[in-house]
Amino acid sequence: MQQKSKLFLQALKYSIPHLGKCMQKQHLKHCNFADRYYNRIKLKKYHLTKCLQNKPKISELARNIPSRSFSCKNFLPIKQENKKSLPENMDAFEKVRTKLETQPQEEYEIINAEIKHGGFVYYQEGCCLVRSKDEEDNDNYEVLFNMEELKLDQPFIDCIRVAPDEKYVAAKIRTEDSEASTCIVVKLSDQPSVEASFPNVSSFEWVKDEEDEDVLFYTFQRNLRCHDVYRATFGDNKRNERFYTEKDPSYFVFLYLTKDSRFLTMNIMNKTTSEVWLIDGLSPWDPPVLIQKRIHGVLYYVEHRDDELYILTNVGEPTEFKLMRTAADTPAIMNWDLFFTMKRNTKVVDLDMFKDHCVLFLKHSNLLYVNVIGLADDSVRSLKLPPWACGFIMDTNSDPKNCPFQLCSPIRPPKYYTYKFAEGKLFEETGHEDPITKTSRVLRLEAKSKDGKLVPMTVFHKMDSEDLQKKPLLVHVYGAYGMDLKMNFRPERRVLVDDGWILAYCHVRGGGELGLQWHADGRLTKKLNGLADLEACIKTLHDQGFSQPSLTTLTAFSAGGVLVGALCNSNPELLRAVTLEAPFLDVLNTMMDTTLPLTLEELEEWGNPSSDEKHKNYIKCYCPYQNIKPQHYPSIHITAYENDERVPLRGVVSYTEKLKEAIAEHAKDTGEGYQAPNIILDIQPGGNHVIEDSHKKITAQIKFLYEELGLDSTSVFENLKKYLKF
């Protein structure tokens with residue numbers, strides 16, 4: 001984005017693996033990296049923590065599914081004070097800090113795409129794309145485009161990019177019930193007008209050529225596959241031409257503009273291999289330059305600073321990410337020099353480049369760190385972040401003096417932090433402190449799996465809870481694509497903890513919490529490691545006095561459904577109830593159907609049962625659908641989406657029908673008096689993969705869990721109304 005936003009990469013935060021059935025906005029059965037899911041939170045009245053448009057993270061180099069908004073009322077009522085103007089000479093950090101110290105946080109809401117360029121802020125207001133000159137008072141704005149013209153149901157802006165000279169602005173528009181998108185290009189003038197409209201755009205960036213003409217590069221997505229790159233110009237010299245087509249169906253293409261805008265990178269990747277081409281940001285009509293031809297198993301991502309390329313890559317031993325650099329005019333792999341290595345069991349979440357510093361956002365042994373590298377003297381300052389923090393929310397930043405970011409957890413809204421380079425210190429938001437910090441505990445535990453591996457867990461519960469063994473437990477798991485278990489703030493999770501629940505997040509193999517090897521140890525013919533890890537985590541929780549099987553519930557979405565479904569087949573006695581969203585449950589039949597849009601992209605994660613008998617037999621031994629049998633099962637609530645292209649509805653329906661038949665057979669053999677579990681399939685309209693903030697889904701899942709455990713849900717729904725707008 002022209003006001004260089006960072007987010008170079010959450011390299012493996014959904015690291016390429018997130019390409020598949022992930023979640024999120026993400027991914028689930030067939031998905032993408034990333035959590036663009038960590039949407040930013042702003043204070044509704046004061047915009048105190050306003051962020052600029054997020055630059056994609058490497059974790060996001062794929063098709064994303066944005067989260068929608070919610071608001072939550074005042075965690076701690078504070079009397080409103082009069083707004084005071086701030087000195088013009090105060091830097092950006094001090095302005096934010098002053099506001100946070102003097103103004104109340106009355107209402108939070110997730111905001112969508114927003115970007116600052118020149119003297120304007122571009123954002124969505126109602127159904128319109130608008131811009132405002134005053135960052136602090138967005139009530140005075142200019143309407144650039146009314147999305148009602150597209151005749152879409154509840155459209156929202158997913159991404160905004162402004163041309164270098166602010167002659168044009170491009171915005172990608174989506175709806176919550178579909179992954180289809182439209183990119184509109186608006187000419188900025190006294191009378192803004194739509195210059196062009198492109199369907200099914202995934203990523204897009206502006207550059208300016210030698211004649212000061214704005215050139216828009218964009219990728220076109222067809223059947224969830226992103227293989228074509230186009231470039232377009234507007235005005236008197238209007239044209240639109242295909243620039244590149246990727247021939248290998250297992251790869252996809254994503255565009256990323258380096259933070260200094262010097263190069264547009266064309267990233268071609270699958271789940272284990274990548275290749276990057278450089279498009280000159282000053283001469284975009286010149287042929288692109290290949291950095292390094294793809295080598296199977298080698299991943300790399302590129303940033304630029306002062307004629308040098310900084311390359312995050314897993315090349316060499318150990319096969320974890322390390323930072324290397326080379327001169328921009330000698331980019332091939334033989335010229336890469338090792339610059340910085342990570343500790344064992346470390347995941348690179350993101351990287352940000354500044355004039356004199358490189359900032360690495362890391363997760364090491366299930367705790368968060370920031371490493372600030374001085375590029376002039378190669379000094380390294382490592383900062384351990386507060387133990388309550390479970391995830392980063394990256395902030396775009398145009399101020400070279402400061403590196404802002406937010407920290408969050410599933411039960412606590414994000415908190416603002418800024419590292420000031422001149423002072424070499426990390427400053428945190430002061431003033432209002434969320435009461436959850438004093439009423440709840442966060443524990444970092446480990447479970448020993450069958451093979452001796454220690455599996456990290458993150459556990460939340462009320463501080464004053466007595467006899468935790470009698471408290472309900474909600475376990476979360478994912479374990480696929482090298483993608484972290486999502487731990488962004490969710491108001492419904494906060495409400496459950498307030499109501500006495502224990503929340504446990506199991507970071508099993510197949511995910512990415514401990515680096516690339518953690519993912520490798522849970523994919524292909526090592527998928528059963530993830531199942532063993534999940535079983536060990538639940539048993540460890542019970543052994544340490546956290547709940548009991550009759551009060552234990554389990555939840556997952558998308559690819560997380562594989563491990564949950566497998567556990568229900570192998571150890572149903574550990575659970576009382578399960579909730580699943582868009583779950584991937586029929587691995588074998590899905591991976592043998594090459595007509596599905598993402599099957600070829602998924603081969604590196606699940607294997608190829610069509611051509612490899614070993615893969616076929618291995619999938620058969622854990623596939624949830626293939627292993628259903630007459631026995632007692634926990635009650636299961638499944639949310640599926642009618643036109644979900646990532647996890648086809650027919651597979652979910654087939655699983656549900658086969659499960660009900662097995663339960664009926666078991667009930668018949670057991671005789672009278674047997675209490676059969678409830679199996680509920682809730683099919684929602686629309687073609688999205690996961691709708692994270694659907695109030696209907698949230699309330700249905702909570703209602704199901706309370707009823708299955710025989711708990712009174714009156715207070716939890718009263719509290720939930722404080723957070724969700726019904």
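Colleague: What should I know before I start?
Modeller: The model is predicted: local features need pLDDT of at least 70, side-chain atom pairs count only at pLDDT 80 or more, and totals for chains, interfaces and linings use all residues. Residues are numbered from 1 along each chain as its sequence is written, and side-chain values use heavy atoms, with hydrogens and water left out.

Colleague: How many salt bridges are there in the structure?
Modeller: It holds 35. A salt bridge here is a side-chain nitrogen of Lys or Arg within 4 Å of a carboxyl oxygen of Asp or Glu.

Colleague: What is the N to O distance for Asp 484 and Lys 347?
Modeller: It is 2.7 Å. Asp 484 is in the loop between β36 (473-476) and α3 (491-498), and Lys 347 is in strand β26 (residues 346-353), so the pair ties together parts 137 residues apart in sequence. Strands are DSSP runs of E, at least two residues; helices are runs of H or I, at least four; both are numbered from the N terminus.

Colleague: Are those two buried or exposed?
Modeller: Both Asp 484 and Lys 347 are buried. Buried means under 20% relative accessible area, exposed over 50%, partly exposed in between (1.4 Å probe, protein chains only).

Colleague: New topic. How many residues of α11 are buried?
Modeller: 11 of its 15. Among them are His 695, Phe 704 and Leu 709.

Colleague: And what comes just after α11?
Modeller: Gly 710, with a positive phi of about 70 degrees.
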